[in-house]
Structure formats: C-alpha cells, structure tokens
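I opened this model to look up its packing, residue by residue. My notes follow in the order I took them.

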Amino acid sequence: MRMIFVNLPVKDMPATRRFFGALGFTFNEQFSDEQAACMVVSDTIFVMLMVQARFQEFVNGKVGDPEKETQVLTCLSAASRAEVDEFKAKALAAGAREWKPNIEFGPMYGCSFQDINGHVWEMMHMAQE
C-alpha cells in the first residue's frame, strides 16, 4: 500500500487549522506542532501544512506565492453531487474564495476554490455507469 503526503506552505497555522477543521478534516497530532500540521484526508492521504519558514527547509530556491501563481490543483473525490456542493459551501463559509465556476463535463461534476492561503482545491464527483 502506498501513501501520499502533499506538502503545502501556509501563512497562519492556527487559522489554517481552523479552516480545514471547519471542512471536517482531522489532524494527526503525533506529527503536528506549532510549525506543521498533519491533516488526515484518508487512511492513505495526508496533507502536511507547514508555516512558510518550515516549508523553506524542505525546498531548494524560494517558496512560491500561491496568491500570485497557481502551483498545484489538489482534487478530492466526492461520493455525490450533493457532497461537492456541501463541501464548497463549507469552504466558502470558512473563508475560502471562489476560484472557477462549478463544472459539469459528461459524468463529472465538480467545484474549485482557493483556501485561506491561496492554494486551489477541487472536489469532483465522477458518476459510474
């Protein structure tokens, strides 16, 4: 079994934890402190949220500003169209910003938004025939 760890720089750790907590995510406190938080997406997917100074320790060069350039699109699957809409509503209520209008492309329906740090998140439902 493989696991994935997405690593993202953040500006304000307490605000970031509140934002993602409002979306229903939990954190593995064993791998979290004032400079980093291990957000649990599933049993095999985690997002390491790190304050910019800590994130800088892991990269060569400068840390990019997601407010100015899109660095990555992180897309999560949804079980239904309703889950897509509910997730986006929670994100916007917690401080996210609209990014693109919802999309409907054949059997796919999804949304996107920028989190409070400027990172782009998507949620997509893919209907199975």
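Entry 1, Met39. I started at Met39 and listed its contacts (heavy atoms within 4.5 Å). Leaving out residues up to four places away in sequence, Met39 touches Phe20, Phe25, Thr26, Phe27, Ile45, Phe46, Val47, Leu49 and Trp121. I noted that this is a predicted model, in which local features need pLDDT of at least 70 and side-chain atom pairs count only at pLDDT 80 or more, while totals for chains, interfaces and linings use all residues. Residues are numbered from 1 along each chain as its sequence is written, and side-chain values use heavy atoms, with hydrogens and water left out.

I then looked for nonpolar cores, meaning sets of buried Ala, Val, Leu, Ile, Met, Phe, Trp, Tyr and Cys residues joined through side-chain atoms within 4.5 Å. I took buried as under 20% relative accessible area, exposed as over 50% and partly exposed as in between, with a 1.4 Å probe and protein chains only. The largest core has 24 residues, and Met39 is among those with the most contacts inside it, together with Phe20, Leu23, Leu49, Phe113 and Trp121. I listed the elements that give two or more residues to this core: strand 1 (4-10), helix 1 (13-22), strand 3 (36-40), strand 4 (45-51), strand 5 (73-78), helix 3 (81-93), strand 8 (108-114) and strand 9 (120-126). Helices (H or I, at least four residues) and strands (E, at least two) are DSSP runs, numbered from the N terminus. Domain 1 (1-59) and domain 2 (68-128) both contribute residues, so this core lies between them. Apart from it I found another core, of 6 residues, which includes Ala36, Cys38, Phe46 and Met50.

I used domain bounds that come from an automatic or database domain assignment. The centres of domain 1 and domain 2, taken over C-alpha atoms, are 19 Å apart. Across the pair, 15 residues of domain 1 are in contact with 14 residues of domain 2.

I found Val47 in strand 4, and at 1% relative accessibility it counts as buried. Its C-alpha atom is 4.6 Å from that of Val6, which is 41 residues away along the chain. Beyond its neighbours within four places in sequence, Val47 is in contact with Val6, Leu8, Ala37, Cys38, Met39, Val41 and Trp121.

Which residues of helix 1 are buried? I list Met13, Ala15, Thr16, Phe19 and Phe20. Seen down the helix axis, the buried residues of helix 1 fall within an arc of 160 degrees, so they line one face; the arc is that of the directions from the axis to the C-beta atoms. At the start of helix 1, a side-chain oxygen of Asp12 comes within 3.0 Å of the backbone nitrogen of Ala15. Just after the helix, Gly24 takes a positive phi of about 100 degrees.

Helix 3 has 13 residues and reaches 19 Å from its first C-alpha to its last, close to the 18 Å expected at 1.5 Å a residue; the expected span is 1.5 Å times one less than the number of residues. Its buried residues are Val84, Phe87, Lys88 and Ala91. They fall within an arc of 95 degrees seen down the axis, so they line one face of helix 3. I see them pack against helix 1, strand 5, strand 6 (97-98), strand 8 and strand 9. Just after helix 3, Gly95 takes a positive phi of about 120 degrees.

Is Lys88 buried or exposed? At 9% relative accessibility, Lys88 counts as buried. Its side chain makes a polar contact with the side chain of Glu98 at 3.0 Å. A polar contact is a pair of N or O atoms within 3.5 Å; within protein, one must be able to donate a hydrogen and the other to accept it, and residues adjacent in sequence count only if both atoms are side-chain atoms.

I next checked His119, in the loop between strand 8 and strand 9. At 4% relative accessibility, His119 counts as buried. A polar atom of its side chain lies 2.7 Å from the backbone oxygen of Pro9.

Last, I looked at Glu29, in the loop between strand 2 (26-28) and strand 3. Glu29 counts as partly exposed at 46% relative accessibility, and a polar contact of 2.4 Å joins its side chain to that of Arg17.
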